[in-house]
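The sequence and structure are shown first.

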Amino acid sequence: MNNKKSLLIPYITAGFPNKKLFVPILKTLSESADFIEVGVPYSDPLADGPTIQEASKIALENGVSLKWILETCHGIKTLHAKSLQQEIKPLILFSYFNPILQYGLEKLLRDLPKPLFYGLIIPDLPIEEAKKYLPLFKNYKLNLILLCAPTTNKIRLKQISHLSNGFIYLVSVTGVTGTRNNLSKELKNKIKELKSITKKPVVVGFGISDSKQASKVISYGADGVIVGSAIIKLLKENKNNPLSRLRVFMNSFRR
Amino acid sequence: MKSKSKGYFGNYGGMYVPETIIPALEELEIAFNKYKNNKEFNSELNLLLQTYAGRPTPLYFAKRLTEYFGRGKIYLKREDLCHTGAHKINNCIGQALLAKRLGKKRIIAETGAGQHGLATATVCALFDLKCDIYMGKIDIQRQELNVFKMKLLGANVIPVESGSQTLKDATSEAIRDWITNIKHTHYIIGSTVGPHPYPTIVSYFQSVIGKEVQKQVSKTPDYIVACVGGGSNSIGIFYPYVWGNHVRNSRDYSLRNRPLLIGIEAGGTSFKNGHHAATLSLGKPGVLHGSYSYLLQDKNGQIQEAHSISAGLDYPGVGPQHAFLKDKKIVTYKTISDKDALWAFKFLSKLEGIIPALESSHAIAYLKHLMPKTKKNETIIVCLSGRGDKDINTVRGNHKL
């Protein structure tokens, strides 16, 4: 990923491995990231593989809720003064729909600190269900970033890229989240197809675990990558010095 | 049926799933709409229902049961006599025929009590399809016999060790598998749950239960009682009385000539969180496994664990049609405790020589509350959704005969 214009978007499950590390992790990631995806833990994460499922479970056991995430992020804004706020890159809330529904979608959009939050990703809200909520997102100046999959046909790709705000999230594999050794052959064509349809940035996620894969995806024409399970694994495996290891890992993408 | 948009029953239903599986859902919907009125499809389906599944199932006049209560006449719709021992086979045959036409070579399914897993394994043997069944580790222990049968039929039973290790987590794992293997795999959901078009498809294939009842009775019954987990046997038997032609034409849901429809949920051991599976009675609306319906959940929207002595009712969600029918007050929902279900299990066995599934025992147990209110000239139909052989171990552990 030599190209500095490429977007680097790490994902973390909020409150994993513990609540105390949440803000320090955001700070560390902000040194190299362009955006940070903040995952809301959920009891039944359908689109996630074992790594993020486990992180979600641990975060829930740690007492993390959407309310806690919001309070903590408001804390970033108020307690730590302006300097820290600038240190933290724009955040994207990643949440399954039910925790949002129970909190209240409009209430959430109102309560999310702005401009700290750039938008939301809701993996179980396809365009059929998302459409009716788009005006709300507009009112609160937050982007609803929609997902495309390898199985999405051209007609739907057009609809999704038209409706998606901020950028478009292309799922790299037919499957759930988790690190993988190889990128699929179809990915290159899918990126090309999507780029020919839209001028909005296309970021690729699910299964991107190292800088080599990231560079490949960028060379296919993507505008950025999302790295999730690899970061969760790293945090799990490096309990003693998670932040320094995280810094080294993130920097490897910028070399 | 009024619906706001595609796949909705009032406010309930929808397709809240990752984009990856949306094309497969669309493909399935198109195939279902194409074949449900297709002559060749229906003759194949009907022949199998008759000669393989054993339909129509009898509507049995339960004389001793009727005499015991001394009020209205009680009839049992004998779904327990279906091949594989429960109504689940109706849906599995229908969906397997669709899968075949979609060119899918592999079937996956979730199962709780094992009855749906067993029915799925059966149709996969029949149609020579590869079969993987997701089942919670706890359910594998309490439904040993069905696990053995599934393996005997050539299915692979995959233990699910996440979460509560029961039906909810088996369903989540099945959906994850489907997301991964969507191109060549069909997911046979066993109940009227999941994203659109599943609730519509499953209730359509189960509606055979109610359509037969209509033909088997000389006058419209006064009461129909069925247990509700995800809600497939109950929707099946209620179907013509809720969405039949005479209802649709009348545009009036509070139809005079309709039986009183009663759905029985699992009351478990108490109404405390985690002690029951009474989703409609005690839950609130939210999204689980692809549709918007009633759920057992905490204030943060995390799904709570359900409990029922019967594995088939042990689920924190319920089909969106039931949520709609509850809100519109078309169906009344009540609960029956583990203890009363066990009583009914033993009671029906001794009185009628029929060992009911623990799921169906919940519907039987409700007669204790219902019968005193009925009159001699009234008829009551109970959907006996399955037979109880599979529950012998659970009952043995809980009850002295």
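Which elements of chain B cover the buried residues of α10(B)?

## Basis of the model

The model is predicted: local features need pLDDT of at least 70, side-chain atom pairs count only at pLDDT 80 or more, and totals for chains, interfaces and linings use all residues. Residues are numbered from 1 along each chain as its sequence is written, chains are lettered from A and ligands numbered from 1 in the order in which they are written, and side-chain values use heavy atoms, with hydrogens and water left out.

## Helix α10 of chain B

The cover of the buried residues of α10(B) includes α2, β4 (73-78), α4, α9, α11 (232-243) and β14 (379-384) of chain B. Helices (H or I, at least four residues) and strands (E, at least two) are DSSP runs, numbered from the N terminus. The helix itself spans residues 208-216, and B:Val208, B:Ile209, B:Gly210, B:Glu212 and B:Val213 are buried in it. Buried means under 20% relative accessible area, exposed over 50%, and partly exposed in between (1.4 Å probe, protein chains only).

## The interface of chains A and B

In chain A, 34 residues are in contact with 36 residues of chain B, contact being heavy atoms within 4.5 Å. The two chains bury about 2800 Å² between them, with 51% from carbon and sulfur atoms; buried area is the accessible area (1.4 Å probe) that two parts lose on being put together, summed over both. On the side of chain A, the most area is lost by A:Asp44, A:Leu46 and A:Gln102, together 22% of what that side buries.

Four salt bridges are found across this interface, a salt bridge being a side-chain nitrogen of Lys or Arg within 4 Å of a carboxyl oxygen of Asp or Glu. A:Arg156 forms a salt bridge with B:Glu19, in which the closest N and O atoms are 2.9 Å apart. Among the elements of chain A that each supply at least two residues to the side touching chain B are α2 (50-61) and α9 (154-163). The most comes from α5(A), with five residues.

## The two domains of chain B

Chain B is divided into domain 1 (9-50 + 88-201) and domain 2 (55-85 + 207-398), with bounds that come from an automatic or database domain assignment. Their C-alpha centres lie 22 Å apart. Contacts join 43 residues of domain 1 of chain B to 44 residues of domain 2 of chain B, and about 3300 Å² is buried between these domains, 58% of it on carbon and sulfur atoms. Within domain 1 of chain B, B:Tyr12, B:Arg142 and B:Lys168 lose the most area to domain 2 of chain B, together 22% of what that side buries.

The count of salt bridges between domain 1 of chain B and domain 2 of chain B is zero.

## Backbone features

Most residues other than glycine have a negative phi, and most peptide bonds are trans. A cis peptide bond joins A:Phe16 and A:Pro17, with omega about 0 degrees, and A:Pro17 is placed in the loop between β1 (7-13) and α1 (22-30) of chain A. Another cis peptide bond joins B:His196 and B:Pro197, with omega about 10 degrees.

B:Asp128, although not a glycine, has a positive phi of about 55 degrees; B:Asp128 is exposed, with a relative accessible area of 71%. B:His289 has a positive phi of about 50 degrees and is buried, with a relative accessible area of 3%.
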